[in-house]
Amino acid sequence: MTAWKEICRVEDIPVLGSRRVARDQGLDVAVFRNDADEVFALLDRCPHKGGPLSQGIVFGTSVACPMHNWTIGLCDGQAQAPDEGCTPHFEVKVEHGVVFLNADELMGHAIELTRPIAGPVSRKTTTNP
Amino acid sequence: MDMRTPFTSGAREKMKLVMVGNGMAGVRAIEELLKLAPDLYDITVFGAEPHPNYNRILLSPVLAGEQTLEEIVLNDWAWYTDNNITLHAGCKVTQVDRVKRVVIAQNAAGETVSTPYDRLVIATGSNPFILPLPGKDLQGVLAYRDIADTQAMIDAAAQFKHAVVIGGGLLGLEAANGLMKRGMQVTVVHVGDWLMERQLDKVAAQMLQASLEARGMQFRMSAQTAALVGNDSGRVSQVEFKDGSHVPADLVVMAVGIRPNTALAESMGLHVNRGIVVSDTLQTVTDPRIWAVGECAAHRGIAYGLVAPLFEQGKVLANHLAEFGIGRYLGSQTSTKLKVTGIDLFSAGDFMGKASGRPEDEECEEIVMSDPAGGVYKKLVLRGDQLVGACLYGDTVDGSWYFKLLRDGRNVADIREKLMFGESNIGDVGHQGQSKAAAMADTDEVCGCNGVTKGAICKAIKDKGLFTLDEVRKQTKASASCGSCTGLVEQILMFTAGGDYSATPKLKPMCGCTEHGHQVVRDTIRAQKLLTVGGVFKFMNWRTPNGCASCRPAVNYYLISTWPKEAQDDPQSRFINERSHANIQKDGTYSVIPRMWAGETTAAELRRIADVVDKYQIPTVKVTGGQRIDLLGVKKEDLVDVWKDIGMPCGHAYAKALRTVKTCVGSEWCRMGTQDSTQMGKDLEKAMWRMYAPHKVKFAVSGCPRNCAEAGIKDVGIIGVDSGWEMYVGGNGGIKTEVAHFFTKLKTAEEVLEYTGAFMQLYREEGWYLERTVHYINRVGLDYVKKKILEDAPLRQSLWAQLQAALDGEPDPWFELQEAKVDTRQFVPITTA
């Protein structure tokens with residue numbers, strides 16, 4: 001049987017917006033709410049260049065990545081054509097206005113994926129010591 | 001015959017859609033329909049030719065032996081099967097009974113096929129015009145229209161020597177070129193004084209003719225054909241002219257024009273006038289169950305023959321067949337960009353200029369560059385301050401730019417002297433000044449903005465079957481950013497897919513969610529006093545329930561700029577930077593740029609910044625180009641505390657708003673300075689910060705004409721002179737460097753504030769979202785802006801007052817989070833531990 005983890009209430013997520021759910025390991029899970037109060041959950045990472053989807057604009061059942069405007073389907077994490085790619089999605093359920101995520105997925109799903117590195121840590125140190 | 005499918009419970013019986021014609025325009029419409037409503041219809045297609053849909057434009061390369069018939073098929077047999085479309089290929093529709101709603105056709109075996117319809121699409125295309133000459137029915141006399149004609153020409157070229165092509169237009173020259181490549185001796189017979197007179201002026205046509213003659217093509221110009229003479233076996237043997245001369249001919253190809261194929265429509269009693277007359281929804285005006293699309297349809301009196309408008313029609317038609325009912329076809333403006341045997345030609349608009357002899361062209365002026373030996377000729381036709389026509393030979397890379405200027409009706413007075421030398425001489429470009437796509441290697445970068453190579457574009461066009469510039473932009477992102485490589489991309493499209501593609505819809509919708517353009521949306525928000533994003537979508541019948549990432553920010557901006565303090569600002573309709581009031585970086589962290597009035601700071605501010613950098617372990621501190629300090633790599637969780645600890649106002653470096661006001665030191669210190677530029681900068685910044693605009697706005701103030709603050713490339717640049725201030729507008733240091741226009745000379749600092757504020761308010765009210773001041777001014781004309789701001793003092797004062805009223809009491813989003821409607825939940829992730 002699926003173990004569910006309570007996350008928040010539906011109204012804690014802005015309409016046509018999202019919240020980030022922090023995890024012990026791996027990147028955040030982004031939970032989205034559309035204008036029909038449906039809730040969706042994706043790894044907070046665009047399949048294109050790793051941008052945080054939780055920061056995108058939500059419309060219909062899609063989110064536009066804030067980095068390069070890829071459109072990602074909220075139901076399945078699929079990038080809209082002509083772009084190709086898929087973001088891991090998470091099982092989510094809403095009961096009496098409370099949002100739950102699958103506890104096993106929250107703990108272990110897609111924990112290997114990371115954000116791109118930016119800033120001085122990405123500087124190459126091999127030449128010119 | 002009962003074609004109805006048995007009624008099963010729960011499933012509505014599908015409607016029957018029948019299409020007469022299996023060509024490019026009609027099948028594209030079906031493809032669009034399947035995307036929108038795949039299961040709405042049982043679809044049947046009748047095609048007179050025994051082939052699936054193929055790319056007719058590429059028959060010339062097939063004739064020339066450069067491509068095969070298999071390569072030009074667009075939808076193979078399997079496509080019809082996969083989509084459950086019944087295709088009757090090689091089946092000619094003989095009759096349509098509009099009362100019983102049945103299409104009756106005859107197949108190759110002479111059997112009758114009849115299919116009932118609920119809705120009918122006529123896409124019968126066009127027929128070649130055959131001159132009524134004696135001998136026109138002899139063997140070896142052909143038109144040039146379809147695969148059968150092409151095959152007959154290929155067969156003839158294998159057996160015979162002499163070919164005559166009647167008609168020196170595009171199609172005729174392509175046919176002549178193909179036959180020549182297949183080893184025939186070809187004479188082109190043309191009734192006009194010069195070739196392609198509908199696309200070229202005399203000079204360009206003569207250059208074209210000379211170039212073709214050098215390759216062995218022969219011409220009989222101004223020649224009237226009298227008869228085609230046959231030999232004993234009934235095959236054509238020569239062409240006779242009215243002056244008594246003649247040329248040998250084993251093959252005669254007539255390429256003297258096409259006519260919309262309306263015979264069937266006329267027999268059905270549909271209204272026909274230069275084509276089947278259709279409304280903006282492509283519906284015939286006679287029968288609401290019947291639509292017509294493509295070359296057979298006459299929309300507002302025009303039967304289009306180019307691919308792009310026909311595909312545009314197909315899109316609208318599909319929308320209505322899918323019962324969405326919201327698209328309208330408003331006509332297209334077309335240009336001609338042709339590839340004849342490797343020669344580049346482009347023409348658009350009234351390219352003849354004065355030489356047309358029409359009274360309205362008397363006023364035209366021409367700018368001409370002619371280098372016959374170098375094979376380059378360019379003619380630009382101007383009426384007043386507008387470009388109205390262009391004819392290019394040999395170097396066509398700027399064709400699309402000229403076409404855009406022409407279509408937009410842009411006032412070109414300010415760039416007139418540079419116009420001839422092309423777009424690359426107006427500003428910087430990102431493709432190393434390449435002008436000939438054909439000369440580029442596959443690995444060469446075409447689009448510098450998005451790093452797209454020529455090879456990648458060619459591959460996408462071939463693999464995905466792209467036809468229009470928009471499709472290429474969408475698939476490859478080439479020319480989708482700054483657009484300076486548009487001409488190259490069009491050339492590549494032309495070489496790879498054939499034909500011409502420079503036709504565009506007259507009115508560009510804001511995005512796919514609506515048919516309305518930016519101006520209409522703006523005007524409606526004002527006229528109807530709409531105050532919410534949802535209200536706009538509802539009132540203007542948006543196609544999508546809550547828009548998309550492109551239209552929502554635009555609509556939200558129009559609301560708050562049109563109805564300040566009344567409209568409801570929707571944070572979820574703003575791009576993330578304006579929602580979190582910081583600039584998102586590639587790793588998901590943010591950058592923070594505090595406001596540093598006119599670039600002046602203090603030890604206390606610098607100390608606080610240094611402390612914040614230590615406390616929050618901010619990895620990078622960088623001085624910006626706008627004389628401010630950028631803290632990069634701030635975690636979202638830290639943003640609110642960072643703002644508070646720095647204790648300086650929000651710099652809006654992330655927003656479509658007033659960003660920096662760059663200044664030089666000015667008269668307070670500088671020995672050259674004539675004015676106190678730093679103070680002027682502070683005054684401007686304090687008056688106009690927190691001002692949202694269609695796009696980012698940058699000011700600069702220099703204290704003397706040495707202009708150390710680089711005011712010439714800012715949206716508003718102020719330069720101090722001994723007697724006062726010079727004001728410049730519309731500069732831009734971005735993708736294309738645009739030098740600002742001199743606007744006016746002012747005496748006092750108060751005037752600088754008033755004029756700048758009024759100009760900003762005009763731009764805020766009239767600029768389209770994401771339109772920088774330079775593009776706004778280009779669209780409306782500098783004279784218009786001068787009229788409003790310089791000549792109309794009451795309007796200027798009222799605009800300045802409106803801006804001040806709109807900004808009065810606006811919150812600083814870094815400190816008055818609630819008033820600025822900042823959703824603070826976004827800064828804290830949910831934890832479940």
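1. Two residues are in contact if their C-beta atoms, placed from the backbone, lie within 7 Å. This note concerns a predicted model, in which local features need pLDDT of at least 70, side-chain atom pairs count only at pLDDT 80 or more, and totals for chains, interfaces and linings use all residues. Residues are numbered from 1 along each chain as its sequence is written, with chains lettered from A and ligands numbered from 1 in the order in which they are written.

2. Start with the interface. On chain B, 28 residues are in contact with 34 residues of chain A. Helix H12 (469-476) and strand E33 (629-634) of chain B are the elements that give two or more residues to this side. Helices (H or I, at least four residues) and strands (E, at least two) are DSSP runs, numbered from the N terminus.

3. Next, chain A. Its secondary structure is one helix and nine strands. From the N terminus, the order is β-β-β-β-β-β-β-β-β-α. Among its contacts between residues at least 6 apart in sequence, 45% join residues at least 24 apart.

4. How much of chain A is buried? Of its 129 residues, 43% are. Buried means that 20 or more other C-beta atoms, placed from the backbone, lie within 10 Å of the residue's own.

5. Now the cores. A nonpolar core is a set of buried Ala, Val, Leu, Ile, Met, Phe, Trp, Tyr and Cys residues joined through C-beta atoms within 7 Å. The largest has 117 residues; A:Val31, B:Val701, B:Ile718, B:Met727 and B:Phe759 touch the most other members. Another core, of 75 residues, lies apart from it and includes B:Leu120 and B:Phe467.

Conventions. A residue is buried if 20 or more other C-beta atoms lie within 10 Å of its own, exposed if 12 or fewer, and partly exposed in between; C-beta atoms are placed from the backbone.
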